[in-house]
Amino acid sequence: MTQVMLNALVVGTTYALIALGITIIFSIMKVVNFAHGQLYMIGGFVVYYFNVVFGLPFWFGLVMSFLIVGLLGVAMELFLFRPVMLRVKREEVTMLLAMGTAVFLESLALLVFGEKQRGVPPIATGIVELFGARLPTGRIVVIVVAAMLIAALMAFIGYTKTGRALRAMAQDREATALQGVNLKWLSAMGFGLGTGLAGLSGGLLVAIFAVHTGAGTAISIKAFLMIMIGGAGVLSGAILGGFVLGFLESVGYALLPGSLTFLIIFLIVICFLIVRPNGIMGKPWG
Amino acid sequence: MQKTISMPNVNLPQSVQRSSALKPIGLGLLIAAAYFIAIPLVFGANGYLLNVFTTMAAVSFISFGVWLTFAIGRINLAQAGFALIGAYVTAILVSRLGVSFWICLPLSGAVAALLGGLIGWPVLRLKGVYFAMITLCITEACRLTALSFPALTRGAQGIVDLPLPGELSLFGLTIIPAFEKGARLPFFYLAGTLMLLGLGFMWLLDTSRVGAVFRSLRQNEDLASSLGINVAKYRVVAFMVSCFYAGVGGAFFATLQQNVYPTTFQVLDSVYFMVYCFVGGLEFVIGPLVGALVMMISFELLHEFQRYQTVIFSGLMILCILLMPNGILSVVNRSGKPEEATNA
Amino acid sequence: MLEVRGLTKIFGGLTAVKDLNFTLDAGEILSIIGPNGAGKSTCFKLIASFLNPTTGTVRFNGKDITGIGPHAVARHGIVRTFQENTSFQDMTVREAVLLGYQKDCKASLAGMIFRSPRARRDEREAGDYADHVLDMLGMTGLANTVSAALPHGMLRNLGIAVALAARPKLILLDEPFAGLNSDETKRGVELIRKIRDDGVTPILVEHDMTAVMSVSERIVVVSFGSKIAEGTPAEIQQNEKVIEAYLGAEDTEIGL
């Protein structure tokens, strides 16, 4: 059982990071980024290329995964989402745009990166015993880094000027604009921050799981599950959702075959949403 | 095309409605006849291209359902899931119990609609992105169900070697002869007929009072309920009709390909069904058909680019949204008639 | 006709409506007034079953209609309008009004789709009734205008027209005069009298005191969720509790 709980903790921490990225974008743009999983996958490949192909340190690759995927997000906001959101009659169009981007990125990745599964050499060796359960050191490093990143992100959003402006924008775009905040810059930056987190989590997790070009959809679906559990648009909800999913998944995998685990998780989430349509921490919205 | 979209509204006085209703019906039948005769004549020799049209027709049939859920203001990504359910119902009944395909086809739709009603009742309370995400999960859940119960579905191996549709006869009178092996034309006609029936029913529905009620749900559920409209009931009805389309379409594809796998319909297919509706335009019943036609033909035209096909295709899709965010038919419409006449 | 007994609604720890009692006779024009946040709109939502009361009952023509759901309440003959300019954005005026007739349609679902004779008769009746309502509100000329393109005042009228098309016995008008200029308000007052003369009993929730005083036959004053006074406009204007409540809320617009 301790083993299962520890696994849940490992998976949950990294999932929380994924959910935070999609939540940031949702809260400021009211767009669900269906391409989140694909951006995660690209982040993984960035680290693979820097670390394995170019022979640079893993940590350098990790920073680059944040920067490159973040910049990709800024470009997506500036050249795709913004022009469309200015002109559409119906909000569904932006969702479709995100889906189109997801397909585009995935097929492009297939061309550039190929079909092979890619991994990086272990970032740390050895096994640590914790409360009678055994965990590879690499995994411990990953959770610690992920936890530090989450803390840093929460601090950034909570205590810096930019973070406060982002929160204000999430609540009321117009009022924020009236206070002299440059929305154009801020929303591109927020989008970039969200996608950057996707890249970062992909880059970090490539140290544990290998990455392949088809990994995106599964990650996106997991991200949706997390924000539905936690409540869309709420940062604390995203973290909570990440841990809940990580827990369910770890317990399920320990007891059941893989496909049945997720089937049961889907059923649980559907039943849960009937009782609490806005998730655990979610505020009611339309 | 433009004539068919400028259907009269149910709200016009009956006299006006009936006389002008004949026009689109007549035109529609004319186009249908042309489709049934001209396409086999032109592409009959090329089985591959004929198949493209068969697939296009069946895919647009399924997309009509998605269109209907858009009409009530819900983004439905569960369509592939319900199509998969339909496909498995037919595959299991045909392969295990030897039930006739002609019974399985509507039955698959009915099973999908029934399940859709059961799942839809609670889930349809969700709106917007939540509904989109949960329906996406439903599609994924259907795939996992197919994988998880191999006793019934044979898991990842799938159900293969399904027989072709047999003879359909009534009181000893042959209505449809048995499908021959390798013949593509019967499937072309079957898909075309489904598409036309599907479109015809959608058009009747959309121009009727029920269509007006559905549109009112998209615009303001509270206001609709204050007028005595049972919002929950109508939502479920729309969703069940949508699932029926999915189930029938799924059964068709299972028989066309003579096999079903858990991956026959998956999340990406749900996305594509939605794309067809968007590309054609959400304001018009015929939108999914136009969208499927344009998208599938352009996809086939990209065939020679081989491995670049999907990249170019999705790139074009993004470009399409950038240039015409409200769908292809919205462009036709803009140059055509005033806005007021088209809010159907 | 309408009988509200001990109606109470508690949101979390907050009491929005507290032990509210009043009755209404057919053909009477009643207004519910009170300072902002007094619970007037909540009261409407409770009557129209958009919210379930914590305790208390709403009876209509002797039948208990508490919490039976908005569409069921509408089928009993109570229809509400909405604050702001709620409408079916993409529909034309006539389409929206026709939709209001929905609850009186007798055709089945399939009948409607396949145009059964009964469905056609429904449409004819709905059309006739829509024309009558549009004529009454002076909106015949706007019948084919899309709702979203209507000016503010007309949009308000459309809301009333759609509600009337549902042929209610009781119509709950939520701030029918908000945002109207004095000319429009004057016409609005006449309209409410016309509605009453047409056989529909109106209840108003309103801020505009001048209009309330001139149109109402009886007024219920609500403050902090409780009824503090009830009477004719003249009585209410003299009532000290009312004046105090309004001054307390720093709302001097009592129209004295």
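## Bridges across the interface

Across the interface of chain C and chain B, the rule finds two salt bridges. A salt bridge here is a side-chain nitrogen of Lys or Arg within 4 Å of a carboxyl oxygen of Asp or Glu. Asp90(C) and Arg218(B) meet through their side chains in a salt bridge, at 3.3 Å from N to O.

## How the model is read

This is a predicted model: local features need pLDDT of at least 70, side-chain atom pairs count only at pLDDT 80 or more, and totals for chains, interfaces and linings use all residues. Residues are numbered from 1 along each chain as its sequence is written, chains are lettered from A and ligands numbered from 1 in the order in which they are written, and side-chain values use heavy atoms, leaving out hydrogens and water.

## Extent of the contact

Chain C gives 39 residues to the contact and chain B gives 33 residues. Contact means heavy atoms within 4.5 Å. About 3,200 Å² is buried between the two chains, and carbon and sulfur atoms give 61% of that area. Buried area is the accessible area (1.4 Å probe) that two parts lose on being put together, summed over both.

## Two positive phi values

Most residues other than glycine have a negative phi. Asp19(C) has a positive phi, near 45°. Asp19(C) sits in strand β2 (residues 14–24) of chain C. Strands (E, at least two residues) and helices (H or I, at least four) are DSSP runs, numbered from the N terminus. Ser49(C) also has a positive phi, about 70°. Ser49(C) lies in the loop between α1 (40–47) and β4 (55–60) of chain C.

Is each residue buried or exposed? Asp19(C) is partly exposed, at 48% relative accessible area. Ser49(C) is buried, at 5%. Buried means under 20%, exposed over 50%, and partly exposed in between (1.4 Å probe, protein chains only).

## A hairpin in chain C

Strands β9 (residues 218–223) and β10 (residues 226–231) of chain C pair in the antiparallel sense over five bridges. Two strands pair if DSSP finds at least two bridges between them. Ile219(C) has Gly231(C) in β10(C) as its bridge partner. The hairpin has two residues between its strands, and Phe224(C) takes a positive phi near 50° there.
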